[in-house]
Amino acid sequence: MRNRKRTGWRRYINGINISAFFVVLFVGLPLYWLIASSFKTPANLGNSPPQYFPNPISLGNYTDAFKNNDFGQYFINSLIVTLIATALVLVLGTMAGYALGRLPMKGKFTLMVTLLIISVFPAIAVIAPLYLLLRNLGWLNTYQGLIIPYTAFNLPFAIWILRNYMLGIPKEMEETGRIDGAGPFRTLWTIILPMALPGIFTAGIFCFTACWTEFLMALTFMSANNRRTIPVGIAEFGTVFTVPYGTIFAASVVAVVPIGILVFIFRKFVISGLTSGAVKG
Amino acid sequence: MEKINKVYENGFHAVHDMSLDIADGEFMVLVGPSGCGKTTALRMVAGLEDITSGILRIGGKEVNDETPKERDIAMVFQNYALYPHMTVAQNIGFALKLRKLPKPELDAKVKEAADILGLTDWLDRKPGQLSGGQRQRVAMGRAIVRQPSVFLMDEPLSNLDAKLRVQMRAEVARIQRHLAVSTIYVTHDQVEAMTMGDRVTVMREGVLQQVDTPQHLYDHPDNIFVAAFIGSPAMNLYDAVVGENVRSVKLGSQEIDLPEAVVLKRPALRGYAGKDVVVGLRPEHLPAESDGATGPKLVGEVDLVEALGSELVVHFTIDANRVLAEGAVDKDEAAAVKKGEGVARVAAKTPVKPGDRLTFAVSIEDMQFFDTQTGLAIRG
C-alpha cells in the first residue's frame, strides 16, 4: 500500500513534502541570502530589520569586484588551475583505475591501501616542505605550482572511485571487444570509457570542487596578486579598516556559478541507467 | 581439438586431455554440471584463455597462439555483453566497423542479420530499451553478421525465462542450420543439449565423458555419470547382483529374469556372474503392468504421484540401494533421494495412489548394466 494514491489536500501536504520543504529551506536560504545581498547597496546591507528583497537592485558590488578588485583575474586563474588539474586527475585516474580494477597485477592491495593513506593525509602537514620544494623549482607564483600539487592530492581519491566503478563493469564487455577485434586502447576508449562515464563524472565533480575551493596551498604558494585564485582573492578583499561585504557576496555568487553549471551537466550524464541493458539485471 | 589441457596458475587442472573433432557446420553441445570445465574449454577455443598443452585447429590450421581476432570466431556470452551506449545497429556492426568495412556494405550486412533475427524495427534502439529476448537476439546478431568460421555460445539462453528459453532454443537451432556454421554451444541444461545438438559432449570435472548423438547418448550411456546426467526425470540406478547362471538379476529382494537375448547382446555380462553390478532403467521403461502380461516385473511402494496430464510420474520405493552418480545430481537433491527411491512414467489412466503397491513391467531390453567399480557400461 506504499504507492496508494493520495487525494485532496493530502496530495500536497504530507510527510514527504513537508520534510522536503524544510530540507530545501535549510539549504536554499543561505544561498538566497547570498544572492539577494550581493544586489543590495552597501548602505542597505546592514539594515535592521534586514531587507528580504534588495531594493533598489544594485549592480555596484559586481562592478566593484571586477573593476576595483582583480576578481576577473582571480576567476581566470582558478579556472586554469582547476580545469587542468581536474583533466590530469581524470586522465591518470581513469588509466590507473582501469589497471587496478582489471589488469592482473601484483601488489594491488598494498597499492590501494597506500593510496587511501595518502588521500587522507592533511595538507597542512606537507605544506612547509612543499613550499621549499616549489621555491627551489622556481614554481612559486606559477600555475604549475598549484596544478601539480592539486593533481597529486586529488588523484588517490579519484583512483579509488574509478577503480570501484571499473570493477562493476562486466569483464565480458572487454572479452567481446577482443573477439570483435579491438585492441586494448580501442577497448578502453570505445567500450570501457563510455560505460565508466558516470564514475568519471563523479570523480571529476569531486576533484573540481576540491580544487576550486582550495585555500591553504593557494594562499601559501601564490603571493603575487595576479596569480591569486578565487578563495584567496576574496579573502584579501578590503583593507585593515573595512570589510566590503557586498563585494565579497558578489564575488562569491560568481564563484558558485561554475559549480552550478557543472552539477547541471553532471545531472544530465549521471543517468543511473547508463549501463543497464549491457547485461541482464 | 587434440589433447587440450588447461592448468591454472593455482594448480587447478580444469580440462584434462580433451580431444574433440567438430565437423563443418556441426552443432556441438558441451554439457555438464557447473565447474566441469566446459566453459573453460570454450574460452580456450575463443582464445580468451591460454592453452596449457595440446593443439587447437580451426579449419585445419593450428591457432594456439593466435589472438581471438585472428581465429575468425564469434562468441555469444551468457550475459550478452552488449555495448549499452551503442544502438542495436552499432552493436551488430561494431566488429565490421573495426575491420574498416565500407559503410554501405556494413549497413547491408547489419540489415541482413537484423532480418534473419527479426530485429529490423529495433535497429535504432539502445540495449536498455529492449526485452531480454531481444537483447539475446542482438547478441546473436553480433555473432552472425561477421560470418565467422566458428560460433561459440556460452549458455546464451540461461538468462531468459522458461517460456522464452524454449522459443529461443528452437530459433538458435534454426539459425545455426540456416547459416551452417560450426557451433560449440555450452550449457548445463541437458534438455537444451538433447534438443539442439547434432552431437553432444558430456563433461565432468574437466574430463570428457562421452561424445555422441543425443539419442545414442540417451539410449547407450557409456558410464553411470552420463546415464544419470542425461534424461529428466533421471535414470533409476540401483545396486544389483547378477545371478550365478546369468539368467537373472537381483534388486534388493526382487529377482528379475534376464532373457537369453539380453545376455547375448551383452556378452561381457557373463563375466559378472554372481557379482555386483549397477542396473539402470529409464522411467519410461517401467510402465505399469497390464493384467495378464508376462515378462519381468518390479514391485514398488508408491510414495507420490505427479499427474502431468499425458502421463503419471510415479515415485516409488524398492528395497534395493539407489546409486547416485557423484556430480550428476546436486547435493541437496541427492540428500532428498531416499534409499531405494525410483521414478516411473506410467499411462495417465493407471489407477494408482500413494501408499499402493504397484507392479511395473520391466522393459528388460532397455536395461543398462554398469560396472560397480569403474562405472563403465557393460556391453560387448
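Predicted model: local features only at pLDDT ≥ 70, side-chain atom pairs only at ≥ 80, totals over all residues.
**Close-up 1. The buried residues of helix α9(A) include I191(A), I192(A), M195(A) and A196(A).**

**Close-up 2. Helix α9 of chain A bends by about 60° at L197(A).** A proline, P198(A), follows within four residues of that position. The helix covers residues 184-213, 30 residues in total. Its end C-alpha atoms are only 37 Å apart, whereas a straight helix would reach 44 Å at 1.5 Å a residue.

**Close-up 3. The largest nonpolar core holds 138 residues.** Those touching the most other members are A158(A) from chain A, together with V29(B), M75(B), L152(B), I224(B) and A228(B) from chain B. Helix α7 of chain A (residues 144-167) gives the most to this core, with 11 residues. Apart from it lies another core, of 12 residues, including I230(A), I234(A), A250(A) and A255(A).

Close-up 4. Contacts join 10 residues of domain 1 to 10 residues of domain 2. On the domain 1 side, the elements giving two or more residues are α1 (15-38), α2 (42-45) and α3 (60-68) of chain A. The largest share, 4 residues, comes from α1(A). By type, the residues on this side of domain 1 divide into 5 nonpolar, 4 polar and 1 charged.

Technical notes. Residues numbered from 1 in each chain as written. Chains lettered and ligands numbered in written order. Core = buried A, V, L, I, M, F, W, Y, C linked by C-beta atoms within 7 Å. Buried ≥ 20, exposed ≤ 12 C-beta atoms within 10 Å, placed from the backbone. Expected span 1.5 Å × (residues − 1). Bend = angle between axes of the 7 residues up to and from the residue. Contact = placed C-beta atoms within 7 Å. Nonpolar A, V, L, I, M, F, W, Y, C, P; charged D, E, K, R; others polar.
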